[in-house]
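Student: Can we go through this protein together? I'd like to start with the overall layout and then look at single residues.

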Amino acid sequence: MIHSISFNELQMIATGAMWTIALSVIALVSGTISGTLVALAVTSRNIIVVILTQLFVRIFQGTPLLLQLFVIYFGVALLHIPIGQWAAVAIGFCLHAAAFIGAILGGGIKAVPRGQTEAANVLGLGYIHRIIFIILPQAFRITTPALVGFAVTLVKGTSLASIIGFTELTRAGQLVSASTFQPLIVYGMVGGIYFLLCWPLSTWGQGLEKRMARSAR
């Protein structure tokens, strides 16, 4: 029977939104760190490292995120290794983000003018100092709009975590909708929350893109 949405059910949706934010932040932070390593490996001079890294990137870019979550959650269990829903989704989104951020940053590193590396060599900077202080800052600046766009996609992609029972925003909406029989109102609220999370990021990304286009003229 249809009934009004109670405070507890609103609280469930709010808690789901907090888990969505937490998962997004963890995925972006861990994905950026590991994605930076992937980008450095992709642009390495070691052909074996490059091939293995490209294989990793193509696997995670070429398969659905939903399938990746299934494989991690159920595949690890087949190895008799205990893994919870939270750990599974965190690992899955970290690997997914690492592949995409690594590919984006790899392109940014290749876009840095060769003269920057040559100047760093003349100054006697070693590989680590050259990467940290010269190459990566410019690569991040070049790819910031693309990284922000991926962040928006990642926030929306967290809804797939509900498929293995992780109670984030979408899953909380499903539970509340099933108990109140008011799917239009509930999913309207859920969609509104996703919009409030993603719209500022999208606006920021568009602003950065326009600013970079003006500076390039």
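Predicted model: local features only at pLDDT ≥ 70, side-chain atom pairs only at ≥ 80, totals over all residues.

Student: OK, how many helices and strands does the protein have?

Tutor: There are eight helices and zero strands. Read along the sequence, the pattern is α-α-α-α-α-α-α-α.

Student: And what does the C-alpha trace span along its principal axes?

Tutor: The C-alpha trace spans about 75 × 50 × 25 Å.

Student: How much of the protein is buried?

Tutor: Of the 217 residues, 36% are buried. The accessible surface comes to about 12,200 Å², and 71% of that surface belongs to carbon and sulfur atoms.

Student: What about contacts along the chain, what share join residues at least 24 apart?

Tutor: Counting contacts between residues at least 6 apart in sequence, 77% join residues at least 24 apart. I142 and V112 give a case to look at: they are 30 residues apart along the chain, and their C-alpha atoms are separated by 8.4 Å.

Student: Where is I142, and what is it in contact with?

Tutor: I142 lies in helix α6, which covers residues 127–157. Leaving aside neighbours within four places in sequence, I142 is in contact with G108, A111, V112 and M212.

Student: Why does I142 count as partly exposed?

Tutor: Because its relative accessible area is 34%, and partly exposed covers the range between under 20% (buried) and over 50% (exposed).

Student: New topic. Which residues make the nonpolar surface patch?

Tutor: M18, I21, V25, V29 and I33 make the patch, which is about 460 Å². One of them, V25, is found in helix α1, residues 7–42. V25 counts as partly exposed because its relative accessibility is 46%.

Student: S24 is also in α1. Buried or exposed?

Tutor: S24 is buried, with a relative accessible area of 6%. Not counting residues up to four places away in sequence, S24 touches L154, V155 and T158.

Student: Then what is E9 in contact with?

Tutor: Apart from neighbours within four places in sequence, E9 is in contact with H3, S4, V176, S179 and T180.

Student: Switching to rings. How many aromatic pairs are there?

Tutor: The count comes to eight aromatic pairs. For Y73 and F74, the ring centres are 4.9 Å apart and the planes are at 70°, so this pair is edge-to-face.

Student: Why edge-to-face?

Tutor: Because the planes of Y73 and F74 are at 70°, and planes over 60 degrees apart count as edge-to-face. F74 itself is partly exposed, with a relative accessible area of 44%.

Student: Which residues form an aromatic cluster?

Tutor: W19, W86 and F166 form one aromatic cluster.

Student: Last one. What is the phi of F181?

Tutor: F181 has a positive phi of about 60°, although it is not a glycine.

Student: And where does F181 lie?

Tutor: F181 lies in the loop between α7 (169–180) and α8 (183–215). F181 is partly exposed, with a relative accessible area of 46%.

How values were computed:
Residues numbered from 1 in each chain as written. Heavy atoms only, no water. Patch = residues over 30% accessible without salt bridge, like charges linked within 9 Å, V, L, I, M, F, W, Y side chains within 5 Å. Areas by Shrake-Rupley, 256 points an atom, 1.4 Å probe, with all protein chains shown as cover. Salt bridge = Lys/Arg side-chain N within 4 Å of Asp/Glu carboxyl O. Helix = DSSP H or I, 4+ residues; strand = E, 2+ residues; numbered from the N terminus. Buried < 20%, exposed > 50% of the residue type's maximum accessible area, 1.4 Å probe, protein only. Contact = heavy atoms within 4.5 Å. Phe/Tyr/Trp six-rings, centres within 6.5 Å; stacked < 30°, edge-to-face > 60°.
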